[in-house]
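Hi everyone, thanks for making time this morning.

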Amino acid sequence: MMVQTPIPADILYPDSDGKPMAENTLQYRWIVRLVSNLKQLLKSQVAFVAGDLLWYPVQVERPPAPRQAPDAMVVLGRRDGDRGSYKQWEEENIPPQVVFEIFSPSNTMSEIAAKQQFYQQYGVLEMYFYNPQSHDFWGFKRATPEDSLVLITPLQLPWTSPLLNIRFELFDDGLAVYHPNGELFKEPGDLFDERDRAFAKLREMGIDPETL
């Protein structure tokens, strides 16, 4: 009887799929905006936010392992920090609850359908899809992984995420996403400017931000 040598983890679960994070600057800007604002939103909670990170929901003995790399994903209940990929069995088996996909012109309907099926199969509770070129937007939500997905269409906008409490609105010039306090999702540079101003104010008051 031939004994099979275990396949190394880096071959079973590579940290890269060889695909670019984005195919154009508009898609890239949307991904960075979502990730940076979601991190800001959830900074006081135990939550992991990532962009274009491979998610492996189940362990396998032979490749290929099921995987997707959402453009942005939120995992409530898992600490923030650096990861090469999100291996769910190493994360208390908690799947991402919310995922976002920002489409480029090369995405096909079969690709989109496969992503939706994957997210449905592996327990995502809210998924949002947006094409910044055509302004097409839709989503799905459910309360538990056992529930059926309910479609969210532009006719239902403005729509507020049950889990994140962020609001989606669609205007003539495209999608707008708002924080729970009503503020529009900012460009990443604006977030850094705000932080720098807050740090400068603390220093004026004789407080070193590095000690907080």
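Predicted model: local features only at pLDDT ≥ 70, side-chain atom pairs only at ≥ 80, totals over all residues.

Let's begin with strand S1, which covers residues 47-50. Which way do its side chains point? Ala-47 and Val-49 go one way, while Phe-48 and Ala-50 go the other. All four of these residues are buried. As for its pairing, S1 runs antiparallel to strand S3, residues 72-76, and four bridges join the two. If you'd like a spot to look at, find Ala-47: opposite it, in S3, is Leu-76.

Now on to another part of the chain. Here we have an open sheet of three strands, in the order S9-S10-S11, with antiparallel pairing. Which strands stand at the edges? They are S9, at 159-160, and S11, at 174-178. Each has a single partner strand, so one side of each is left without a neighbour in the sheet. Two bridges connect S9 with S10, the strand at residues 167-171. Thr-160 has Arg-167 in S10 as its bridge partner.

Last stop: Arg-33, which sits in helix H2, residues 25-41. Is this arginine buried or exposed? Its relative accessibility is 12%, and the cut-off for buried is under 20%, so Arg-33 counts as buried. And what does it touch, once we leave out residues up to four places away in sequence? Arg-33 contacts Phe-185, Lys-186, Glu-187 and Pro-188.

That's my tour, and I'm happy to go back to any of these views.

How values were computed
Residues numbered from 1 in each chain as written. Heavy atoms only, no water. Buried < 20%, exposed > 50% of the residue type's maximum accessible area, 1.4 Å probe, protein only. Pairing = 2+ DSSP bridges. Contact = heavy atoms within 4.5 Å.
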